[in-house]
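Good morning. Please have the sequence and the structure open while I talk.

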Amino acid sequence: LFAVTDNGGMTYWDEQWPASASSNFPLRGGKTTLFEGGVRAVSFVNGGALPTTARGKRRTQLLHAVDILPTLAGFAGVPLLG
């Protein structure tokens, strides 16, 4: 099970984003910014294929959503084209 989120919520209203403001407190900024509120988000991985040495661990490394497909394919032993 992979659970990921996008890069923060909109923290302001304007004509392009009507009625969609949210709060990323305590982080500054939000979607479309380079502040932590725009680039920092939570995710988690769980499942029987997760090595026992990795279970219950907290990681602070960066993760990018495009990494998920190659990771799952590698776990499953499925070669990627290209």
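I start with contacts: two residues are in contact when they have heavy atoms within 4.5 Å of each other. In this protein, take the contacts with a separation of 6 or more; residues 24 or more positions apart account for 34% of them.

A word on the source. This is a predicted model, where local features need pLDDT of at least 70, side-chain atom pairs count only at pLDDT 80 or more, and totals for chains, interfaces and linings use all residues. Residues are numbered from 1 along each chain as its sequence is written, and side-chain values use heavy atoms, with hydrogens and water left out.

Now the overall layout. The protein has 2 helices and 2 strands, and along the sequence they come in the pattern β-α-β-α. Helices here are DSSP runs of H or I with at least four residues, strands are runs of E with at least two, and both are numbered from the N terminus.

Next, the surface. The protein exposes about 6,900 Å², and 61% of that is supplied by carbon and sulfur atoms. These areas come from the Shrake-Rupley method with a 1.4 Å probe; for residues, only the protein chains shown count as cover. A residue is buried under 20% relative accessible area, exposed over 50%, and partly exposed in between, again with a 1.4 Å probe and protein chains only. Of the 82 residues, 13% are buried.

Is Ala73 buried or exposed? Ala73 counts as buried because its relative accessible area is 7%. Ala73 belongs to helix H2, residues 68-76. Not counting residues up to four places away in sequence, Ala73 touches Val78 and Leu80.

Thr33 sits in the loop between strand E1 (2-4) and helix H1 (36-39). With a relative accessible area of 21%, Thr33 is partly exposed. Beyond four places in sequence, Thr33 touches Gly38 and Val39. Thr33 and Met10 are 23 residues apart in sequence, and 9.5 Å apart in space, C-alpha to C-alpha.

Finally, Glu36 is in helix H1. Its relative accessibility is 43%, so Glu36 is partly exposed. Which residues does Glu36 contact, leaving aside neighbours within four places in sequence? They are Leu27 and Arg28. Asn24 is 12 residues from Glu36 along the chain, and their C-alpha atoms are separated by 9.0 Å.
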